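Please have the sequence and the model open while I talk.

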Amino acid sequence: MTAPLTPSQPPPHDPAWPPPPPPHQGPGGDPITGAEVVQGLVVTAASALAGAVLGVLWLWLAPSVQLISDGEGVYLRNSEGEAAIGADGTFVLLALAFGAVAGLVVFLARRKGGVPLVLGLAVGGVLGSLLAWWLGTELGPTSDVIAHAKAVGPEVVFDAPLKLQMGAAAMLAWPLAAMIVHLVLTGIFGPRDPEPGPWDPYKR
């Protein structure tokens with residue numbers, strides 16, 4: 001008796017003999033290119049320069065704290081006023097708006113996104129907030145309250161220097177808003193990853 005002949009290779013379309021998986025292609029993910037790094041630096045610089053506009057708007061829109069002198073000391077004209085809190089709130093609201101616009105503009109300019117762009121939004125937002133804080137306080141009333149009180153004379157109302165009581169917390173409003181808006185837009189409207197192929201589970 002002779003043994004039945006077996007094919008040396010399985011039929012190409014036999015479901016019991018699937019073709020071999022494709023060769024290993026290495027870990028996924030695109031490398032960061034030089035162009036993306038340049039784009040991130042441009043975003044950082046543009047955001048930082050936009051801080052000058054934020055500083056001017058803050059000085060213009062923030063409520064002023066009014067002081068008065070009796071010739072011996074300087075006092076708040078209205079001790080129960082909330083102008084100081086209003087100045088902080090104005091800065092934070094403006095910073096949130098600037099951050100949201102920055103995230104939207106960067107997404108519209110480059111929908112693909114990328115790590116350099118996100119870092120540019122974060123670093124640029126912090127730098128822009130610092131510039132806005134510095135410019136607003138420099139252009140506002142002088143910080144030498146005693147000299148200012150002597151210059152205007154007693155019983156004359158004058159504006160206190162513009163201050164930011166929240167400090168570091170206010171500096172984070174812009175970058176957080178920018179990154180959140182950019183992340184949400186990228187997640188909803190950004191390019192999708194390709195659907196997994198039949199052999200993707202075999203890739204390691």
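Let me begin with a pair of helices, where H1 passes H3 in a right-handed crossing. Please keep in mind throughout that what we have on the screen is a predicted model. The axes of H1 and H3 lie 6 Å apart, and the two helices pack at an angle of about 25 degrees. Since angles under 35 degrees count as roughly parallel, H1 and H3 are therefore described as roughly parallel to each other. If we sort the residues of the contact of H1 with H3 by class, we find 19 nonpolar, 12 polar and 1 charged.

Now let me step back to the whole protein. It has 6 helices and 3 strands, and, reading from the N terminus on, these elements follow the order α-β-β-α-α-α-β-α-α. Of the 204 residues in the protein, 29% are buried. When we take the contacts with a separation of 6 or more, 82% of them are between residues 24 or more positions apart.

The crossing of H3 and H6 is right-handed. On the H3 side the contact is made by Val118, Leu121, Ala122, Gly125, Val126, Gly128 and Ser129, and on the H6 side by Trp174, Pro175, Ala178, Met179 and His182. By class, that contact of H3 with H6 has 8 nonpolar and 4 polar residues, and no charged ones.

Is serine 129 buried or exposed? Its relative accessibility is 0%, and because buried means under 20%, serine 129 counts as buried. Leaving out neighbours within four places in sequence, serine 129 is in contact with Phe91, Met171 and Trp174.

That brings us to the interior. As a general point, in soluble globular proteins nonpolar side chains tend to be buried together. In this model, the largest nonpolar core has 22 residues, and those with the most contacts inside it are Leu54, Trp58, Phe91, Ala95, Leu121, Leu164 and Trp174. Which elements give two or more residues to this core? They are helix H1 (34-61), helix H2 (83-109), helix H3 (115-139), helix H5 (168-171) and helix H6 (173-189). Among these, H2 gives the most, with 8 residues.

Let us follow some individual positions, starting with phenylalanine 91. Apart from its neighbours within four places in sequence, phenylalanine 91 is in contact with Leu54, Trp58, Ser129, Ala132, Trp133, Leu164, Ala170 and Met171.

Phenylalanine 98 lies in helix H2, and, again leaving aside residues within four places in sequence, phenylalanine 98 is in contact with Ala50, Val53, Leu54, Leu57 and Trp174. Phenylalanine 98 and tryptophan 174 are 76 residues apart along the chain, yet their C-alpha atoms are separated by 6.4 Å.

Threonine 90 is also found in helix H2. With a relative accessible area of 16%, threonine 90 is buried, because the cut-off for that class is under 20%. Not counting residues up to four places away in sequence, threonine 90 touches Trp58, Leu61, Ala62 and Pro63. Its C-alpha atom is separated by 9.4 Å from that of leucine 59, a residue 31 positions away along the chain.

I will end with a loop position, glycine 113, which lies between H2 and H3. How accessible is glycine 113, and is it buried or exposed? At 4% relative accessibility, glycine 113 counts as buried. Glycine 113 and glutamate 36 are 77 residues apart in sequence and, C-alpha to C-alpha, 9.2 Å apart in space.

That is what I wanted to show today, and I am happy to go back to any of these positions on the screen.

Notes: Residues are numbered from 1 along each chain as its sequence is written. This is a predicted model: local features need pLDDT of at least 70, side-chain atom pairs count only at pLDDT 80 or more; totals for chains, interfaces and linings use all residues. Side-chain values use heavy atoms; hydrogens and water are left out. A nonpolar core is a set of buried Ala, Val, Leu, Ile, Met, Phe, Trp, Tyr and Cys residues joined through side-chain atoms within 4.5 Å. Buried means under 20% relative accessible area, exposed over 50%, partly exposed in between (1.4 Å probe, protein chains only). Helices (H or I, at least four residues) and strands (E, at least two) are DSSP runs, numbered from the N terminus. Contact means heavy atoms within 4.5 Å. Axes are lines fitted to C-alpha atoms, for helices over the stretch in contact, and angles run from 0 to 180 degrees between N-to-C directions. Angles under 35 degrees count as roughly parallel, over 145 as roughly antiparallel, 65 to 115 as roughly perpendicular and the rest as oblique. A crossing is left-handed if the near helix is turned anticlockwise from the far one by less than a right angle, and right-handed if clockwise. Ala, Val, Leu, Ile, Met, Phe, Trp, Tyr, Cys and Pro count as nonpolar, Asp, Glu, Lys and Arg as charged, and the others, Gly among them, as polar.
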